[in-house]
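Trainee: I would like to understand the words used for this structure. Could we go through them one by one?
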Amino acid sequence: MSDLIDTRNISCDIVKRHGLDIEFSRCVYAHHRNASCRRCEQTCPVGAVTVAQSVRVDFDKCTGCGLCATQCPTGALEANSPTLAELCALTEERAHRAGAVTFRCSRYAKKGRHQDVIEVPCVGRVDEAVLLSAAAAGAETICLQDGGCEQCVQSAGRELAAGAAVDVTLLLDGLGSQRRLRVLRDSSPEAGSRDAAPTDSGMLSRRAFFTMLKNSGQKNESNRSPDADVAADAEQWLSDISSSIDNKKTYIPRRNEIIIDAIYRIVDNEQSINCSIDMLCDVSVDKYCNCCGICAASCPTGALVRVEQDGDVGLAFAFARCTGCGLCLDICGWNSLILSHGVRLSRTTGGSPKVIMRHHRENVAFLDAPMEDKLRKLLGTNLIS
């Protein structure tokens, strides 16, 4: 019998199989059938994952590489051998101790083992979160040992790791950090075990980082624009009604949490606060948004929240929770949402939602849109043509 999981038929909270944890409640398809996300399907090197209004995983084909988990935006698919948190913890421990970290794919590991090497199912598991954890812990060199990706069905893993290395390098440059990571491939087993004392990080503590932001804000207080005053008023309004926001379904994806925490530890100069972090996403709306809240109701992580109080309705957005899955764009009946990559570091601090639209209730008009489009967006069905 074929070992196949269809997320539509999952009755338990989490399915654990073949190195994967599947939590369908976090998948965009559990929130809306019109989701366009296909990252797991597009990443799987053996065609074990297919998406058609649900996610199907054929474990007879699955190699357990975990590449689908590195690309899943909401954490619905998570690798568990090791988990991302465990992998980052191992990485930091090795970086603190030796100043270098070596990752070896399981295929390469068959040729010989070394106690200081971290074994992964595929080098593609070494993503931005892992590399930033290494940088935050003082690593200077990352070694990736594979078993010859050219002949491996998981050859895409090498490209994913290389792309993550480029992204982290650009981020470190933008942060103005003195930290640099050299990412080497196919190095000798001894490369990651050399004795290399970690250099003094010179990094700010989280408390010092927030103090720096506060002082920077005070210096710019005299240059506040009218728009800044409006934003401050909106933030106060959101603060006043924060207790009415339902946080039961909200969560910060583990990958986002690790990335943000690592960045806080890497920051070491005041210019960093204006650095744009492309690994995080920003959401804004145009003038046609009427705060209907469809996007907020379907958001898998609760990054978008609809609030209503004292005759006003609004839409709030939390950077730390956004994974860039794009579901809000897929279902907005008025096409008024704008999703962009890159958030200024200064805007991510605190993790609280930011007001991106606010209306007086009596001024919210039902904006015209084709009825067929509205029904398709609202019902999440393609039956209407």
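Mentor: Gladly. Let's start with the salt bridge: a side-chain nitrogen of Lys or Arg within 4 Å of a carboxyl oxygen of Asp or Glu. Keep in mind that this is a predicted model, where local features need pLDDT of at least 70, side-chain atom pairs count only at pLDDT 80 or more, and totals for chains, interfaces and linings use all residues. Residues are numbered from 1 along each chain as its sequence is written, and side-chain values use heavy atoms, with hydrogens and water left out.

Trainee: What makes Glu23 and Arg26 a salt bridge?

Mentor: Their side chains come to 3.8 Å, N to O, and the limit is 4 Å, so the pair qualifies. Arg26 also forms a salt bridge with Glu78, with the closest N and O atoms 3.9 Å apart. Arg26 lies in the loop between strand E3 (20–22) and helix H1 (39–43), while Glu78 is in strand E6 (residues 77–79), so this pair ties together parts 52 residues apart in sequence. Helices (H or I, at least four residues) and strands (E, at least two) are DSSP runs, numbered from the N terminus.

Trainee: Why is Arg26 called buried?

Mentor: Buried means under 20% relative accessible area, exposed means over 50%, and partly exposed is in between (1.4 Å probe, protein chains only). Arg26 has 18% relative accessibility, so it counts as buried.

Trainee: How many salt bridges are there in the whole structure?

Mentor: A search finds 11. One of them joins the side chains of Glu93 and Arg97 at 2.9 Å, N to O.

Trainee: What separates Glu93 and Arg97 along their helix?

Mentor: About one helical turn, because they are 4 residues apart in helix H3 (residues 84–98). Glu93 has 41% relative accessibility, so it is partly exposed, and Arg97 is partly exposed at 44%. Elsewhere, salt bridges that share partners join Glu23, Arg26, Glu78 and Arg254 into one network.

Trainee: Is Thr250 buried or exposed?

Mentor: Thr250 is at 17% relative accessibility, so it counts as buried. Its place is in the loop between helix H8 (226–240) and helix H9 (254–266).

Trainee: Which residues does Thr250 touch?

Mentor: Leaving out residues up to four places away in sequence, Thr250 touches Thr301, Gly302 and Arg321. Contact here means heavy atoms within 4.5 Å. The C-alpha atoms of Thr250 and Thr301 are 5.0 Å apart, although 51 residues separate the two in sequence.

Trainee: And how do you know that the length of H9 fits a helix?

Mentor: The expected span is 1.5 Å times one less than the number of residues. For the 13 residues of H9 that gives 18 Å, and the end C-alpha atoms are 18 Å apart, so the two agree. The buried residues of H9 include Ile258, Ile259 and Ile263.

Trainee: What makes a set of residues a nonpolar core?

Mentor: The members are buried Ala, Val, Leu, Ile, Met, Phe, Trp, Tyr and Cys residues joined through side-chain atoms within 4.5 Å. The largest core here has 95 residues, and Phe103, Leu132, Ile263, Leu304 and Leu315 touch the most other members. Beyond its neighbours within four places in sequence, Leu304 is in contact with residues including Val283, Leu315 and Ile356.

Trainee: Why is strand E9 described as largely enclosed?

Mentor: Strand E9 (residues 141–145) has 5 of its 5 residues buried, so the rest of the structure largely encloses it. Both faces are covered, with Thr141, Cys143 and Gln145 on one side and Ile142 and Leu144 on the other.

Trainee: How do you know that E9 pairs with strand E7?

Mentor: Two strands pair if DSSP finds at least two bridges between them. E9 and E7 (residues 100–105) share 5 bridges and run parallel, so they pass that test. E9 also has 4 bridges to strand E10 (residues 182–185), again parallel.
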